[in-house]
Amino acid sequence: MPANKNAVTRYFILDKLLANRYHHYSTEDLLRLVNEELVEMGQEPVSRRTIELDLHYLEWESPFMAEIDHYQIDDISQRTQKTIKKSCHRYADPSFSIFQQKLKDDEKHLLGEAFTLIGQFDGLPNLEGLESLRKSLNVKTDRQIISFTKNPLENSNMLGELFTRIAQRQVVELHYHRFDTPDEDRKTVVHPYLLKEYNRRWYLIGAADNDGKILSFALDRIDKVVPLPAKEYIPYDGDLNERFEDIIGVSLYDDRPLQTILFWVSDYSKEYVATKPLHDSQRHYKGEKEKELRQQYPMLEGGYFFSIECIENYELIRELSSFGKDLLVLSPTDIQQKVRDRVAAQFQAYQAL
């Protein structure tokens with residue numbers, strides 16, 4: 001095969017794709033994905049003929065003698081919407097790689113620590129192949145050093161299932177229900193991006209297939225996950241975690257403004273709030289600003305003044321209300337009123353007992 005300055009790079013990308021058991025890749029798919037990575041690395045894209053020659057080289061001419069399965073699946077034509085036969089390629093052995101290396105002792109130790117850490121998450125120990133991978137790498141797990149609070153799920157396999165689909169960039173069809181209509185089966189096609197824990201509950205964050213809107217689904221309301229390997233996965237453009245920097249919890253609203261929320265915390269709870277901030281943006285007012293606030297609110301004795309910058313959502317109001325009389329929202333008035341209404345409704349409910 002003629003020398004090519006990016007041949008090794010192509011082999012590395014193809015090696016990863018051919019070992020993937022969560023997607024069906026045709027020659028056109030391989031061409032598109034290889035070129036996407038080449039362009040990201042600042043290299044020139046290649047032709048379909050180059051990919052065909054690369055596959056032939058890996059299978060028949062290289063020292064690796066890779067055993068590649070060439071098979072067909074039923075697929076839906078995007079142009080005619082009719083079922084067609086799609087020719088695909090993958091390694092016969094998913095554990096095969098042309099870039100296999102032996103682990104060093106310190107790398108095995110680090111992997112052992114990682115396996116111990118991962119094993120604490122409900123669902124992930126059931127991830128298919130995790131234990132066999134540990135054994136095949138001859139990695140031993142040591143005593144537990146870091147412990148997390150576990151978030152139990154009725155279906156403990158759900159976390160591992162979704163973890164796998166996200167890692168493999170696979171589109172899924174979610175079957176789920178709402179708490180108020182538990183017997184109604186709802187379904188939607190989602191491009192899954194992130195598993196996020198909040199308040200001892202796990203959520204899946206992903207984009208709706210029909211309009212790209214970012215959605216969140218509580219895992220305890222997901223009944224079934226159906227992988228769609230023939231459907232093209234659209235990754236999130238940017239850092240999804242940045243969307244959560246301006247909120248508490250997981251409820252996202254693109255049409256709501258960022259607000260500076262000023263609040264006072266009593267002596268009873270001030271150190272708790274100071275050492276466990278309600279939000280990463282939390283600011284404790286001292287010095288001249290504190291004097292100014294004490295003059296403005298002379299009825300508030302002791303305590304600390306804080307502010308956070310957040311977009312309003314359900315979780316924000318619930319968090320601000322959870323301290324009762326020990327946390328008072330001073331501004332803005334719309335947030336203050338919503339906390340008032342929530343506390344008043346709670347008081348009325350107690351009065352009715």
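I began with the contact (heavy atoms within 4.5 Å) between two helices, and I found that Thr9, Arg10, Ile13, Leu14, Lys16, Leu17 and Leu18 in α1 meet Leu30, Leu33, Val34, Glu37 and Leu38 in α2. I sorted the residues of this contact into eight nonpolar, one polar and three charged, where Ala, Val, Leu, Ile, Met, Phe, Trp, Tyr, Cys and Pro count as nonpolar, Asp, Glu, Lys and Arg as charged, and the others, Gly among them, as polar.

I note that this is a predicted model, in which local features need pLDDT of at least 70 and side-chain atom pairs count only at pLDDT 80 or more, while totals for chains, interfaces and linings use all residues. Residues are numbered from 1 along each chain as its sequence is written, and side-chain values use heavy atoms, with hydrogens and water left out.

I then looked up the axes (lines fitted to C-alpha atoms, for helices over the stretch in contact, with angles from 0 to 180 degrees between N-to-C directions) of α1 (residues 7–18) and α2 (residues 27–40), which come within 10 Å and cross at roughly 130°. Helices (H or I, at least four residues) and strands (E, at least two) are DSSP runs, numbered from the N terminus.

I turned next to the open sheet, where four strands stand in the order β9-β10-β8-β11 with antiparallel pairing; two strands pair if DSSP finds at least two bridges between them. Its edge strands are β9 (283–285) and β11 (327–331), each pairing on one side only.

I followed β8 (residues 258–265) along β10 (residues 304–311) and found eight bridges joining these antiparallel strands, with Ser307 in β10 as the bridge partner of Leu262.
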